[in-house]
Amino acid sequence: HLNYIRWPWAVSTDYEGKLIVTDTAGANLLIWNNLPEKWEESEENYYPDLVLNFGQSTTPRTISWTGEQLFIGDENARDYGACTRIFNGWPTVSSLDKLVGSNVSKSTVKDGSKVIQTTYTVTNGGNCLESFIYSPDRMNRGYGSAIKVDNRLYFFFANNIHIYEDGKIDSASERPDLILGTINARYSEETGFFFCGGGTNRMISAEGKLLMCLHQIGEIVGYSSKPEKFNDKPDIRFGGDPGFEIDEIVSHSDILVGGDVSVNEDYLVSSNELSKRLYLYDGIPTESGVKAQAMFDFNYLVPGPTAIHKDPKTGKTVLMTVTRTHGIFYIWHDYEEALKGNLPDTVFGNRVGSLWITGGVTDLSYDGKYTYITLQRGNSTEIYIFDGVIEKEKSPFAVIKNGGYLTPGDKYLAVIPDYRDDGSMSEGSYIRFYKTSDIDAAKKA
């Protein structure tokens, strides 16, 4: 039975209060006819009313409801790859019952004689009566969100915006009336704008303006009026890196998405995987347009996790970062020196004491007492604990075998394990807490 939702990527509702969730790890769409108010297993609405499964080869992610059509972005649909499944209307038990046959099977969960959940499995993973797979460009596959504004449908597909003047997509073979943008190119009048989206791109309509998130470069762009030509350039743009695109539009902020953000009570640090830069702020930005005081370029290396915390021994704020793939650590023992543009006073790689950096460094944390390094090697994730700030020849004194992303606290260390004890992925379904007093005892041992 369903006792948790595994790796929910997106959630949405329709105008009548129905709820839909993409259960990505289970390759399911979970639909409740009424928004659940309680989640105890004894409650009637604990089970979704409808489960739609397209097989383990699929990875449902994004959800968009236009009021007429439901768009489900899928990264790995069978025989299609990245694409979007479009439903004409909201899936219901009555509509899906008509599909049961050669490629659709049906099962139910009952409480006595009462059916409390219905599951439909599409065995071929492809088109069926109530939905169709939409992938208009097999050479440029992708999935994304959709929105209808003034009865005009905007569909964020791959790195383009596809526009349909009648507000809907009627079939898998239909092509858009207008395509905004280019593919992997700088802007020009001949090519248009590069909408560098990614798997979490989103679009909204606000005060008559169309806004969209360019996930991979950490920008919000949009139009204050309806675009009419393929090379119409967004006249709204903020976030991102002004050096990324050769463009006369000036970026309003250096804070970038796609890397790591660390804060303490005084400062904020942001890394960006695309521009391969680290941005340092004197204070914590509280308004748009704030510029970073210092920026460090990693050239060909990709910056990864960062950690920032005051060292109680020196009273100075320590900044640590590590490259995501090569495992090179950069340490400033005084954040103020980093703000002045001074290079890190300690740089080393390959190993930290007896710990060889193999695999990927997925997390780095420092709480003023201990440094935590999370390493992922294949199906194994381990957290190595060091006394104080790490040094080249300082070895870890303890290791947590089943590790993952972590948050240290005064009394407990919280860890979201990447894998269960049997080696299967946990998909973030539980959290483990470790007493800091036990970590203290391990250091003294």
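In the predicted model, a salt bridge connects the side chains of Glu68 and Lys148, with an N to O distance of 3.3 Å. Glu68 is located in the loop between β5 (60–65) and β6 (69–77), whereas Lys148 belongs to strand β11 (residues 146–149); the pair therefore ties together parts that lie 80 residues apart in sequence. Under the criterion of a side-chain nitrogen of Lys or Arg within 4 Å of a carboxyl oxygen of Asp or Glu, the count of salt bridges comes to twelve.

Asp282 is placed in the loop that runs between β21 (277–281) and β22 (294–297).

Turning to the strands, four of them form an open sheet in the order β23-β24-β25-β26, and their pairing is antiparallel. The edge positions are taken by β23 (303–310) and β26 (346–349); each has a single partner strand, so one side of each is left without a neighbour in the sheet. From one strand to the next, the twist averages 15°. Within this sheet, four bridges pair strand β24 (residues 317–323) with strand β25 (residues 328–332) in the antiparallel sense. Leu319 has Trp332 as its bridge partner in β25.

A further open sheet consists of three strands, ordered β33-β34-β35 and paired in antiparallel fashion. Here β33 (404–408) and β35 (432–435) stand at the edges, and since each has a single partner strand, one side of each is left without a neighbour in the sheet. Neighbouring strands of this sheet are turned against each other by 25° on average, with direction ignored. Pro408 finds its bridge partner in β34 at Leu413.

How values were computed. Residues numbered from 1 in each chain as written. Predicted model: local features only at pLDDT ≥ 70, side-chain atom pairs only at ≥ 80, totals over all residues. Heavy atoms only, no water. Helix = DSSP H or I, 4+ residues; strand = E, 2+ residues; numbered from the N terminus. Pairing = 2+ DSSP bridges. Axes fitted to C-alpha atoms, helices over the stretch in contact; angles between N-to-C directions.
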